[in-house]
Amino acid sequence: MNLRIRLERRMHQRWWYSLLAPTSAIVAALCVGAVFLAVKGFDPVAVYRALFEASFTSLYGITDSLSVATPLIMTGLAAGIAFRMNLFNIGAEGQLYAGAIAGSWAGIALGKNLPPVLAVTAVLVLSVLGGMLFALPVAAFKAYLGTNEIITSLMLTFVGLYLMRFLIYGSTSFWRDPAVTNFPQGKKIANAAWLPLFGSYRTGWGLVLVVLVAFAVWALVKYTKVGYDMSVVGSSPAAARYAGIPSKRVVLGALLLSGGLGGLAGGVEVASRAHALDPNGLALGLGFSGIVVAALARYHPLGIIVVAVFLGGLRNAGAALQSMPGQRVPAEVSLMLQGAILLFAIGAEIFVRYRLHLVRRPAVTK
Amino acid sequence: MTRRRRAGIVLAAAAALVAACSSNTAGSGGNATGGTSGTGTAAKVKVAFVYVGPVGDAGWTKKHDDGRKELEAALGDKIQTTFLESVPEGAESEATFERLAREGNKVIFATSFGYMDQMLAVAAKYPDVVFMHATGYKTSANMGTYFGAAEEARYLSGMAAGSATKSNKLGYVAAFPIPEVIRGINAFTLGAQKVNPNVTVDVVWTSTWFNPTTEKEAAQSLLNKGIDVIGQHQDTPGPGEAAEAAGAKWVGYNDDMSRFAPKAWLTAPMWDWGPLYIKTVQDVMAGTWKTGQYYGTMADGLVKLAPVAESVPADVRAAIEDTQKKIISGEFAPFTGPISKQDGSSAYAAGAKATLEELLKMDYFVKGVNGSASGKG
Amino acid sequence: MSDNVLPGTTPASSRGVALAARGVTKRFPGVLANADVDFELLQGEVHTLLGENGAGKSTLAAMLCGLYQPDEGQIYRSGKPIRLRSPREGLAHGIGMVHQHFRLIPRFTVAENVILGDPKQSLLMKPGEAERRVGEISERFGLPLDPRAVVSDLTVGQRQRVEIVKVLYRGADVLLLDEPTAVLTPQEAETLFATVRSMTSEGKAVVFISHKLGEVMAVSDRVTVMRAGRVTGEVATKDTSARNLAELMVGRPVEQTVRRGTGQTSATPYLEAHAVRLADAGRNVLDDVTLSVHGGEIVGIAGVAGNGQRELATTLAGITAPTSGSVRVGGVDIGGKGAKAARHAGLTFVPEDRLGTGLVPGLSLTDNMLLTRRRSFFVNRRAARAELAEAIERFEIKAPGTEAEARVLSGGNAQKVLLAREVSDAAKDGDVRALIVSSPTRGLDIGAAEFVRELLHQVRVDGGAVLVISEDLDEVRSLADRIVVLYRGQIVLSGASEELTVEQIGMAMAGVKE
């Protein structure tokens with residue numbers, strides 16, 4: 001006898017299923033992680049306690065987790081707004097670089113002559129434009145030529161990475177600090193263009209900003225014509241055509257919005273943490289992690305905040321786990337947990353949409 | 001993705017001296033105060049290491065971790081070490097340094113350039129903790145830097161390379177066009193020319209510190225041009241593997257990597273961080289640690305040459321041995337005139353020696369190097 | 001259990017029971033699809049499963065062929081209890097199903113499609129052998145087919161033959177045909193019935209699934225009627241009538257009403273097409289179509305699926321731009337100007353594909369009410385919700401609530417929501433009211449279909465212009481004042497309903513010119 005699994009689409013999806021899916025994904029991933037830890041000779045309870053304490057108990061831990069969560073919220077929104085329309089812009093990483101390039105230009109060139117509020121605004125606005133500009137080929141090719149956006153956005157990510165590296169390592173560009181000759185570094189943006197932090201903590205107005213943006217995206221999606229049109233185009237192009245909604249423009253707009261949010265992630269990073277175009281410190285895979293965040297949050301803008309804080313904590317705890325007294329947990333473990341959670345999140349999605357039937361069948365049917 | 005950021009020191013010796021003097025008033029580390037823990041056991045001094053990559057089994061991070069182990073072996077019960085692998089450089093590292101300081105570490109070593117600003121920021125918040133940053137140039141009352149004169153060993157490795165070539169064409173897989181890498185290429189070239197005046201060195205830039213594929217491909221492109229000895233500045237044995245497959249020779253870096261390409265292997269410049277780590281921690285425990293910019297040499301034992309392969313002729317091995325003794329004794333320095341620049345103009349007249357400051361700012365190739373010192377092409 | 005001849009069966013039962021279900025129950029989440037169902041198929045008979053949509057006949061058929069497993073009860077093959085875990089196991093027992101939606105690979109030939117997935121087929125295909133056997137089978141059962149023809153070149157009727165040959169090729173002697181005539185012209189349906197008879201004359205047994213009473217009476221020996229998951233009757237065709245069957249099916253007396261307009265129509269047409277041509281990949285999907293619909297009349301477009309009806313609907317609705325020619329609503333040219341322009345001119349449109357085009361499955365019913373409405377920057381759901389609530393009451397729509405996703409609706413309820421939106425929209429706009437409805441009652445139960453027909457009639461009586469596009473000829477004839485037949489994108493016949501006979505229309509649908 002062998003077992004066969006059969007999926008039947010659920011007729012009714014209850015609202016709490018959508019909470020159940022990510023929660024069970026996280027629990028399942030933690031369980032798998034626990035087994036892995038135990039096999040490797042660690043005490044899972046102690047490791048998870050250390051993880052939790054490092055990221056969520058002390059004020060320092062919490063603020064550091066929030067500091068990591070800040071860009072993840074933005075990239076999560078960037079991915080989420082596109083993904084919920086079945087537009088797979090996986091290029092938030094590259095759009096973040098483009099936003100950082102444009103934003104740091106504003107911070108260096110305009111920052112010193114502007115009062116702080118305007119200087120910060122200049123950085124953020126330019127970063128949004130940078131991200132949009134970078135997403136423009138993806139958006140235009142998708143909307144008007146039907147080119148696969150996964151491929152174009154991924155390719156452009158590499159373009160963005162190499163452009164950023166070129167500007168600092170490969171050329172004496174405007175962004176490169178000429179005062180430092182021994183190793184190429186980005187020029188610092190003007191102090192006026194910094195997003196202030198709260199006291200001596202590493203989180204600050206950048207977090208406030210991205211949370212506000214998340215609420216704005218949520219309101220846009222839920223309460224406006226733009227959001228409505230995006231929902232229709234995303235879930236049924238035929239219905240959009242039938243209703244006279246200009247699908248191409250909506251697709252174009254959604255991908256540009258996604259790119260702009262990705263760019264803003266770069267702008268916020270530059271204004272609140274990096275303070276320069278730092279090809280290394282910006283290339284942390286924040287854009288790709290945003291996809292995980294968005295998927296776990298089922299593309300809900302407010303859910304993205306929660307998930308980003310959780311994953312930010314997980315990421316932040318990596319260092320704490322490595323310095324645990326007596327039980328040094330390798331950095332890979334926290335990365336592995338992230339990967340496992342994504343995997344389970346995708347799996348859980350199937351359980352939300354479908355009922356699972358186990359069917360016994362004989363091995364031989366002759 | 002490239003991870004490593006290292007650089008030489010920009011300040012002149014005089015500036016370092018000023019910094020060192022000013023630090024006297026700041027008072028550092030203190031003698032094993034036991035941190036904040038309320039336990040009654042004899043408090044160990046906690047020492048932390050922050051690495052940019054995984055320790056792995058060869059290369060830059062491995063050598064630092066070897067140094068950490070030497071430290072543990074030397075000071076035993078009196079200390080407790082922690083190391084963090086794969087900590088990304090840039091903004092996110094600040095939280096890591098602060099966490100280590102808050103966990104009661106008294107000395108924190110960071111081994112990559114890109115931690116500089118973050119470490120400086122945290123150092124300002126924790127004046128009782130000693131911060132040591134490899135390859136950087138920013139210091140403060142409780143933050144010092146350390147690095148070393150790899151060019152001395154590179155000169156010696158160049159001698160081995162110059163003797164091994166049949167085509168008189170050497171190649172160099174270079175990381176980034178920065179003074180540290182440029183003076184390594186120049187030292188390698190000068191060493192090679194010492195035993196074989198006809199050699200030229202072709203340079204190819206990878207813009208990587210650790211990318212086996214890219215570096216292997218770069219080496220291959222050199223080998224395709226008829227080059228038969230490869231030097232390198234990155235952390236991977238990729239170029240060595242390419243040389244081994246092509247039947248060429250290879251000078252590695254960081255560590256004895258002969259097992260990756262036993263036939264191609266000639267030798268390599270190496271680091272030994274152990275003595276520095278031991279001395280730093282001892283100084284902190286004794287309350288005698290001072291900030292400053294440490295630039296170690298072969299004489300200090302920080303820089304070493306890996307064992308030279310048997311394939312190198314005995315007379316050349318003897319000459320290398322002899323030159324190494326002279327470098328250690330101070331009788332000889334690799335950058336001693338006459339040295340011509342790539343374009344034929346004179347860099348140093350006969351007998352003139354490059355100063356440390358000049359070395360740390362070197363931005364030109366010497367004669368015999370083919371390629372652009374600004375990284376083009 | 002051995003062959004258990006039920007009392008009251010016809011003498012034909014002496015032929016033996018080919019396939020039977022006893023006490024079969026099947027539940028789906030929230031639905032009792034089959035409740036204690038008994039069914040018996042004799043060798044050599046055509047046995048119809050009759051019922052409205054959702055009555056449970058497809059579920060029963062699915063269990064008989066192995067697609068589903070019963071929760072309770074037992075299936076018997078030639079008297080022996082069997083347990084079918086997959087359609088493949090069903091085929092192994094000689095039971096094969098021909099689905100309503102074909103499962104053919106368009107780029108393969110007939111023979112290749114037939115041998116595809118055959119468990120007895122060895123890895124190395126022998127096309128010659130397969131072609132020979134396909135030819136044999138098709139000749140024997142009156143299913144003319146060229147084994148080497150590529151499926152994408154075949155008509156719908158021919159593709160259905162391929163599906164039947166496929167099942168016969170695998171050695172099935174019990175065939176289940178799921179709504180086989182839905183896609184056929186009356187003439188093609190006749191050919192199919194002849195094939196069915198030739199199969200039964202060779203001792204094969206056929207389960208015929210349908211809700212069309214006329215053809216049920218014509219083709220079957222016995223009929224099992226289902227309603228709401230239960231069997232409501234099992235009768236021999238010769239002992240019953242269409243009216244009787246309809247009552248068993250619906251549970252109350254049914255009258256097929258013919259409705260006509262008042263004859264009072266608007267002076268100028270509300271909806272006009274003039275010399276509309278639509279080219280697609282070098283072929284004219286619509287060719288010189290000229291028609292007009294006045295206020296106060298219903299015009300019906302008849303035709304076999306795929307003869308340009310869908311394109312005609314989208315072109316008249318302003319969505320598809322005609323290659324040449326003009327489309328006017330109330331005298332305003334809206335050709336290719338988009339759905340909004342057409343709506344602005346007074347046209348509404350109920351598309352054939354309700355869930356996916358007319359309604360967005362993933363959006364709430366409230367949001368779906370807004371789909372064809374003018375929307376301000378901030379979406380106002382309050383009015384839509386109130387309108388929907390009213391429609392739910394008035395149209396007796398069965399929905400979990402105004403915020404439920406449209407995808408949970410049954411076909412009939414989806415159609416009601418769609419009509420509620422489009423018809424009320426039409427009633428509110430100025431003078432010109434034109435409504436295009438594609439397949440207005442397809443998949444609807446008799447009650448819902450009656451409701452929809454009455455609603456369309458009401459629009460006409462109120463002075464609206466209605467264009468009904470349907471493949472169901474009975475429906476077109478019962479509603480339309482004028483009938484237009486579309487064949488390969490051309491209007492081949494047009495006239496007042498009363499003046500056209502079924503035969504005339506059927507010939508025109510098949511492309512036979514008089």
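## Overall size of chain C

Chain C has 514 residues, and a compact globule of that length would have a radius of gyration near 24 Å; chain C comes in at 24 Å, so the two agree. (That radius is taken over C-alpha atoms, and the globule rule is 2.2 Å times the number of residues to the power 0.38.) Along the principal axes, the C-alpha atoms fill a box of roughly 70 × 50 × 45 Å.

A quick word on the ground rules: this is a predicted model, where local features need pLDDT of at least 70, side-chain atom pairs count only at pLDDT 80 or more, and totals for chains, interfaces and linings use all residues. Residues are numbered from 1 along each chain as its sequence is written, chains are lettered from A and ligands numbered from 1 in the order written, and side-chain values use heavy atoms, leaving out hydrogens and water.

## Fold and surface

Chain C holds 16 helices and 20 strands. Both are DSSP runs numbered from the N terminus: helices are H or I with at least four residues, strands are E with at least two. Of the contacts in chain C with a separation of 6 or more, 67% join residues 24 or more positions apart; a contact is heavy atoms within 4.5 Å.

Buried residues make up 55% of the 514 in chain C. Here buried means under 20% relative accessible area, exposed over 50%, and partly exposed in between, using a 1.4 Å probe and protein chains only.

## The cores

The largest nonpolar core has 270 residues, and C:Ile436, C:Leu456 and C:Leu467 have the most contacts inside it. Helix α10 (residues 247–274) of chain A gives this core its largest share, 13 residues. A second, separate core of 34 residues includes C:Val46, C:Val98, C:Leu175 and C:Phe193. A nonpolar core is a set of buried Ala, Val, Leu, Ile, Met, Phe, Trp, Tyr and Cys residues joined through side-chain atoms within 4.5 Å.

## Two residues up close

C:Leu456 sits in helix α14 (residues 446–461) of chain C, and counts as buried at 0% relative accessibility. Setting aside neighbours within four places in sequence, the contacts of C:Leu456 include C:Ile298, C:Leu419 and C:Leu479. C:Leu192 is 264 residues away from C:Leu456 in sequence and 33 Å away in space, C-alpha to C-alpha.

Over in chain A, A:Gly160 belongs to helix α6 (residues 149–170) and is buried too, at 1% relative accessibility. Beyond four places in sequence, A:Gly160 is in contact with A:Tyr97 and A:Phe134.
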